[in-house]
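Dear colleague,

Please find below the structure that I am handing over to you. My notes on it follow directly after.

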Amino acid sequence: MTPTIVIVPGLGDSGPEHWQSLWTGKFGAARVRQDDPDRPTPETWSARLQEVIDATPGDLILIGHSCGVLNIVHWARLTGGHPRVKGAMLVGPTDADRAFEAYPTVADMAPIPMQPLPFPALVVASENDPFASFERAQAFAEAWDAEFISAGEAGHINIASGHGDWPDGEVLLSEALHAWTPPDIVRM
(Lines give C-alpha, C1' and ligand atoms only; values in the text may rest on other atoms or scores of the structure.)
Protein backbone atom coordinates (compact mmCIF):
# COMPACT_ATOMS: atom_id res chain seq x y z
CA MET A 1 0.00 0.00 0.00
CA THR A 2 1.34 3.42 -0.95
CA PRO A 3 2.01 5.73 1.99
CA THR A 4 -0.12 8.83 2.46
CA ILE A 5 1.66 12.08 1.72
CA VAL A 6 1.55 14.79 4.38
CA ILE A 7 2.22 18.28 3.00
CA VAL A 8 4.06 20.51 5.50
CA PRO A 9 4.02 24.12 4.21
CA GLY A 10 6.26 26.94 5.29
CA LEU A 11 5.43 30.57 6.01
CA GLY A 12 2.09 31.73 4.67
CA ASP A 13 0.83 28.15 4.12
CA SER A 14 2.07 27.95 0.49
CA GLY A 15 -0.47 29.76 -1.71
CA PRO A 16 -2.95 28.06 -4.04
CA GLU A 17 -0.56 27.95 -7.04
CA HIS A 18 2.41 26.60 -5.04
CA TRP A 19 3.43 23.05 -5.94
CA GLN A 20 2.62 21.92 -2.38
CA SER A 21 -0.97 23.12 -2.77
CA LEU A 22 -1.27 21.55 -6.21
CA TRP A 23 0.16 18.27 -4.91
CA THR A 24 -2.31 18.25 -2.01
CA GLY A 25 -5.17 17.74 -4.46
CA LYS A 26 -3.26 15.70 -7.03
CA PHE A 27 -2.08 13.09 -4.52
CA GLY A 28 -4.98 13.22 -2.05
CA ALA A 29 -2.47 14.34 0.56
CA ALA A 30 -3.08 15.32 4.13
CA ARG A 31 -1.97 18.87 4.89
CA VAL A 32 -0.69 20.63 7.98
CA ARG A 33 -2.55 23.92 8.55
CA GLN A 34 -1.01 26.06 11.26
CA ASP A 35 -3.16 28.37 13.39
CA ASP A 36 -0.77 31.19 12.47
CA PRO A 37 1.21 30.29 9.34
CA ASP A 38 3.25 33.49 9.60
CA ARG A 39 4.52 32.98 13.17
CA PRO A 40 6.41 29.70 13.41
CA THR A 41 7.73 28.28 16.64
CA PRO A 42 9.18 24.80 16.99
CA GLU A 43 6.72 23.80 19.72
CA THR A 44 3.44 25.06 18.22
CA TRP A 45 4.21 24.02 14.66
CA SER A 46 5.44 20.59 15.82
CA ALA A 47 2.30 20.07 17.89
CA ARG A 48 0.13 20.71 14.83
CA LEU A 49 2.24 18.36 12.70
CA GLN A 50 1.80 15.69 15.38
CA GLU A 51 -1.99 16.21 15.31
CA VAL A 52 -2.05 15.62 11.55
CA ILE A 53 0.16 12.53 11.86
CA ASP A 54 -2.12 11.14 14.60
CA ALA A 55 -5.23 11.81 12.48
CA THR A 56 -3.86 10.29 9.26
CA PRO A 57 -3.93 6.47 9.10
CA GLY A 58 -1.30 4.23 7.56
CA ASP A 59 2.29 4.85 6.59
CA LEU A 60 3.24 8.46 5.89
CA ILE A 61 5.69 10.46 3.78
CA LEU A 62 6.28 14.05 4.92
CA ILE A 63 6.94 16.71 2.29
CA GLY A 64 8.17 20.02 3.66
CA HIS A 65 9.16 23.26 1.96
CA SER A 66 11.13 26.16 3.44
CA CYS A 67 10.04 26.63 7.08
CA GLY A 68 8.00 23.44 6.66
CA VAL A 69 11.36 21.63 6.48
CA LEU A 70 12.26 23.22 9.82
CA ASN A 71 8.89 22.13 11.19
CA ILE A 72 9.72 18.51 10.29
CA VAL A 73 13.23 18.54 11.77
CA HIS A 74 12.07 20.25 14.97
CA TRP A 75 9.17 17.79 15.26
CA ALA A 76 11.62 14.89 14.88
CA ARG A 77 13.86 16.38 17.59
CA LEU A 78 10.98 17.01 19.98
CA THR A 79 9.16 13.69 19.49
CA GLY A 80 11.79 11.25 18.28
CA GLY A 81 9.71 10.71 15.14
CA HIS A 82 6.92 8.22 14.56
CA PRO A 83 7.18 4.63 13.29
CA ARG A 84 4.58 5.28 10.56
CA VAL A 85 6.71 8.07 9.02
CA LYS A 86 8.63 6.23 6.31
CA GLY A 87 10.52 9.22 4.91
CA ALA A 88 10.61 12.95 4.29
CA MET A 89 11.25 15.07 1.22
CA LEU A 90 12.77 18.34 2.45
CA VAL A 91 12.69 21.02 -0.24
CA GLY A 92 14.38 24.41 -0.08
CA PRO A 93 15.24 24.42 3.63
CA THR A 94 15.38 27.91 5.09
CA ASP A 95 18.40 28.85 7.19
CA ALA A 96 16.70 30.20 10.32
CA ASP A 97 20.11 30.81 11.89
CA ARG A 98 20.43 33.76 9.45
CA ALA A 99 18.51 37.02 9.79
CA PHE A 100 15.92 37.86 7.13
CA GLU A 101 14.77 41.46 7.28
CA ALA A 102 11.59 40.73 5.32
CA TYR A 103 10.77 37.64 7.41
CA PRO A 104 11.94 38.24 10.99
CA THR A 105 9.75 35.48 12.46
CA VAL A 106 11.88 32.84 10.72
CA ALA A 107 14.44 33.42 13.50
CA ASP A 108 11.97 31.83 15.92
CA MET A 109 12.82 28.48 14.29
CA ALA A 110 16.50 28.81 15.28
CA PRO A 111 18.61 27.04 16.19
CA ILE A 112 18.12 24.43 13.51
CA PRO A 113 18.48 20.86 14.81
CA MET A 114 21.63 19.30 13.40
CA GLN A 115 21.26 15.62 14.30
CA PRO A 116 20.30 12.60 12.19
CA LEU A 117 16.60 12.19 11.46
CA PRO A 118 14.89 8.97 12.63
CA PHE A 119 13.64 8.21 9.08
CA PRO A 120 15.12 8.38 5.58
CA ALA A 121 15.11 11.84 4.05
CA LEU A 122 15.94 13.65 0.84
CA VAL A 123 17.04 17.29 0.84
CA VAL A 124 16.39 19.09 -2.46
CA ALA A 125 18.20 22.43 -2.62
CA SER A 126 18.80 25.16 -5.13
CA GLU A 127 22.21 26.57 -5.95
CA ASN A 128 20.85 30.14 -5.75
CA ASP A 129 18.23 29.96 -2.99
CA PRO A 130 18.00 33.36 -1.26
CA PHE A 131 16.98 31.69 2.02
CA ALA A 132 19.87 29.22 2.41
CA SER A 133 23.24 28.94 0.74
CA PHE A 134 23.88 25.77 -1.23
CA GLU A 135 26.70 24.88 1.18
CA ARG A 136 24.42 25.35 4.17
CA ALA A 137 21.76 23.11 2.60
CA GLN A 138 24.45 20.46 2.04
CA ALA A 139 25.46 20.79 5.71
CA PHE A 140 21.82 20.27 6.74
CA ALA A 141 21.59 17.11 4.63
CA GLU A 142 24.81 15.77 6.10
CA ALA A 143 23.73 16.51 9.70
CA TRP A 144 20.28 14.99 9.11
CA ASP A 145 21.84 11.89 7.48
CA ALA A 146 19.78 12.65 4.38
CA GLU A 147 20.37 12.17 0.68
CA PHE A 148 21.09 15.44 -1.15
CA ILE A 149 20.00 16.56 -4.61
CA SER A 150 20.78 19.81 -6.37
CA ALA A 151 17.83 21.39 -8.18
CA GLY A 152 20.28 23.59 -10.10
CA GLU A 153 19.68 27.33 -10.09
CA ALA A 154 16.03 27.07 -9.07
CA GLY A 155 15.63 29.96 -6.63
CA HIS A 156 13.53 29.03 -3.60
CA ILE A 157 11.66 26.33 -5.55
CA ASN A 158 8.39 28.22 -5.18
CA ILE A 159 5.97 30.24 -7.29
CA ALA A 160 8.30 33.26 -7.40
CA SER A 161 11.01 31.11 -8.98
CA GLY A 162 8.63 29.60 -11.55
CA HIS A 163 7.76 26.37 -9.75
CA GLY A 164 4.00 25.88 -9.89
CA ASP A 165 3.24 22.22 -10.53
CA TRP A 166 6.98 21.24 -10.42
CA PRO A 167 7.08 18.00 -12.46
CA ASP A 168 10.78 17.46 -11.64
CA GLY A 169 9.78 17.32 -7.98
CA GLU A 170 7.20 14.66 -8.76
CA VAL A 171 9.95 12.54 -10.33
CA LEU A 172 12.09 12.97 -7.20
CA LEU A 173 9.10 12.05 -5.02
CA SER A 174 8.42 8.93 -7.08
CA GLU A 175 12.05 7.83 -6.79
CA ALA A 176 12.05 8.48 -3.04
CA LEU A 177 8.81 6.56 -2.53
CA HIS A 178 10.29 3.61 -4.43
CA ALA A 179 13.41 3.70 -2.24
CA TRP A 180 11.60 4.13 1.08
CA THR A 181 8.73 1.69 0.68
CA PRO A 182 9.47 -1.97 0.07
CA PRO A 183 7.39 -3.75 -2.56
CA ASP A 184 4.52 -5.87 -1.32
CA ILE A 185 5.65 -9.40 -0.57
CA VAL A 186 3.95 -11.87 -2.85
CA ARG A 187 3.13 -15.17 -1.19
CA MET A 188 3.15 -18.27 -3.32
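Where in the chain does Pro111 lie? Pro111 is found in the loop between E4 and E5, where helices (H or I, at least four residues) and strands (E, at least two) are DSSP runs numbered from the N terminus. A cis peptide bond with an omega of about -5° joins Ala110 to Pro111.

Before the remaining findings, a note on the source: this is a predicted model, in which local features need pLDDT of at least 70 and side-chain atom pairs count only at pLDDT 80 or more, while totals for chains, interfaces and linings use all residues. Residues are numbered from 1 along each chain as its sequence is written, and side-chain values use heavy atoms, with hydrogens and water left out.

The sheet

The model has an open sheet of 6 strands in the order E2-E1-E3-E4-E5-E6, with parallel pairing; two strands pair if DSSP finds at least two bridges between them. Strand E2 (30-31) and E6 stand at the edges with a single partner strand each, so one side of each has no neighbour in the sheet.

Strand E1 (residues 4-8) runs parallel to E3 and is joined to it by 5 bridges; Ile7 has Ile63 in E3 as its bridge partner. Strand E3 (residues 60-65) in turn pairs with E4 in the parallel sense over 6 bridges, and Leu62 stands opposite Ala88 in E4. Between E3 and E4 the chain passes through helix H3 (residues 67-79), and this β-α-β crossover is right-handed; that is, with the strands pointing away from the viewer, the path from the first strand over the helix to the second runs clockwise.

E4 and E5 are parallel and joined by 4 bridges, with Leu90 opposite Val123 in E5. E4 is mostly covered, as 6 of its 7 residues are buried (buried means under 20% relative accessible area, exposed over 50%, partly exposed in between, with a 1.4 Å probe and protein chains only). Helix H4 lies across E5 and E6 and runs at about 160° to E6; axes are lines fitted to C-alpha atoms, for helices over the stretch in contact, and angles run from 0 to 180 degrees between N-to-C directions.

Aromatic pairs

How many aromatic pairs does the model contain? The count comes to 9, by the rule that rings of Phe, Tyr and Trp (its six-membered ring) pair if their centres lie within 6.5 Å, with planes under 30 degrees apart counted as stacked, over 60 as edge-to-face and the rest as tilted. One of these pairs is Tyr103 with Phe131, which is edge-to-face at 5.7 Å centre to centre and 70° between the planes. Tyr103 lies in the loop between strand E4 (85-91) and strand E5 (121-125), and Phe131 in the loop between E5 and helix H4 (134-143), so this pair ties together parts that are 28 residues apart in sequence. Tyr103 is partly exposed, at 40% relative accessible area, whereas Phe131 is buried, at 18%.

Phe134 and Phe148 form an edge-to-face pair as well, at 5.3 Å centre to centre with 65° between the planes. This pair links distant parts of the chain, with Phe134 in helix H4 and Phe148 in strand E6 (residues 147-150), 14 residues apart. Phe134 counts as buried at 17% relative accessibility, while Phe148 is partly exposed at 26%.

His156 and its surroundings

His156 is placed in the loop between E6 and helix H5 (167-180) and is buried, with a relative accessible area of 6%. Its side chain makes a polar contact of 2.9 Å with the side chain of Ser66 and one of 2.9 Å with the side chain of Asp129. A polar contact is a pair of N or O atoms within 3.5 Å; within protein, one must be able to donate a hydrogen and the other to accept it, and residues adjacent in sequence count only if both atoms are side-chain atoms. Leaving aside neighbours within four places in sequence, the residues in contact with His156 (heavy atoms within 4.5 Å) include Gly92, Thr94, Pro130 and Phe131.

Backbone points

Ile157, in the loop between E6 and H5, has a positive phi near 55° though it is not a glycine, and it is buried at 0% relative accessible area. Asp13 likewise has a positive phi, of about 70°; Asp13 lies in the loop between E1 and helix H1 (19-26) and is buried at 17%.

With kind regards
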